[in-house]
Amino acid sequence: MTARTASISRMTKETQVEVHVNLDGSGTYDVSTGIGFLDHMLEQLSRHSLIDLTVKTTGDLHIDGHHTTEDTGIALGEAVAKALGDRRGITRYGDALIPMDETLTRVALDISGRPYLMWRTSFSQPKLGTLDTEMFKEFFAAFAGAAGITLHIETLYGVNNHHIGESCFKGVARALRAAVAIDPRKSDAIPSTKGTLGGSGAGA
């Protein structure tokens with residue numbers, strides 16, 4: 001099987017982002033965004049998806065963390081999309097139900113070529129470390145849009161904000177791990193009746 005790896009460089013006046021992914025890795029990571037809690041979440045994403053991940057982001061944190069978080073999500077989504085290629089042989093769908101103590105989060109995704117985020121999660125405090133909690137939604141919207149993924153994230157219940165945020169990332173990781181896996185029964189086929197999952201609006 002051809003190596004499913006990709007590198008993305010995203011440079012703007014607000015951020016400089018370098019991302020490398022290996023979809024068939026072991027969950028090793030080297031992450032630095034300048035936002036400690038975002039680094040922690042990306043490490044969880046790598047470890048539980050088994051996607052090897054390198055992220056180096058330098059952003060305008062003297063303003064706030066918005067551009068850094070969003071642009072990291074975009075670059076990561078672009079890297080995953082590039083590594084997937086024409087999506088041939090992938091399982092395509094994935095889901096996970098993640099408990100963290102008192103919190104339970106459900107994630108389902110479809111590598112469909114139709115980017116969409118359904119977000120049913122809320123926080124009771126404005127920040128986790130230096131990361132604004134409102135940026136969790138923005139990160140996943142950016143990631144889903146750039147990767148061409150339909151992504152549903154719903155926290156069924158929870159109290160601790162750290163657990164809520166982390167369970168979302170772990171849920172996406174486990175669902176992504178299942179969806180990008182090669183189906184041995186259809187390793188030569190694109191999992192769509194249209195024969196393509198290559199772009200926005202193309203899947204079925």
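Q: What percentage of the contacts in the chain with a separation of 6 or more comes from residues 24 or more positions apart?
A: In this predicted model, such residues account for 73% of the contacts with a separation of 6 or more. A contact here means heavy atoms within 4.5 Å.

Q: What makes up the secondary structure of the chain, and in which order do the elements run?
A: The chain has four helices and ten strands. Read from the N terminus, the order is β-β-β-α-β-α-β-β-β-β-β-α-β-α.

Q: Why is the chain called as compact as a globular protein of its length?
A: The globule rule gives 17 Å for 204 residues, and the radius of gyration of the chain is 16 Å, which is close to that value; the chain is therefore as compact as a globular protein of that length. Along the principal axes, its C-alpha atoms fill a box of roughly 45 × 40 × 30 Å.

Q: What share of the residues counts as buried, and what share of the accessible surface belongs to carbon and sulfur atoms?
A: Of the 204 residues, 50% count as buried. The accessible surface comes to about 9100 Å², and carbon and sulfur atoms hold 50% of this area.

Q: How many positive and negative side chains does the chain have, and how far apart are the centres of the two sets?
A: There are 20 positive and 24 negative side chains, and the centres of the two sets lie 8 Å apart.

Q: Why is the pair of F139 and F140 called edge-to-face?
A: The search of the whole structure finds seven aromatic pairs. For F139 and F140, the ring centres are 5.4 Å apart, within the 6.5 Å limit for a pair, and the planes stand at 80°, over the 60 degrees required, so the pair is edge-to-face. Both residues belong to one aromatic cluster, formed by F37, W119, F123, F136, F139, F140 and F169.

Q: How do you know whether F139 and F140 are buried or exposed?
A: Buried means under 20% relative accessible area. F139 has a value of 1% and is therefore buried; F140, at 1% relative accessibility, likewise counts as buried.

How values were computed. Residues are numbered from 1 along each chain as its sequence is written. This is a predicted model: local features need pLDDT of at least 70, side-chain atom pairs count only at pLDDT 80 or more; totals for chains, interfaces and linings use all residues. Side-chain values use heavy atoms; hydrogens and water are left out. Helices (H or I, at least four residues) and strands (E, at least two) are DSSP runs, numbered from the N terminus. The radius of gyration is taken over C-alpha atoms; the globule rule is 2.2 Å times the number of residues to the power 0.38. Buried means under 20% relative accessible area, exposed over 50%, partly exposed in between (1.4 Å probe, protein chains only). Accessible areas come from the Shrake-Rupley method with a 1.4 Å probe; for residues, only the protein chains shown count as cover. Lys and Arg count as positive and Asp and Glu as negative; His and the chain ends are not counted. The place of a charge is taken as NZ of Lys, CZ of Arg, CG of Asp or CD of Glu. Rings of Phe, Tyr and Trp (its six-membered ring) pair if their centres lie within 6.5 Å; planes under 30 degrees apart count as stacked, over 60 as edge-to-face and the rest as tilted.
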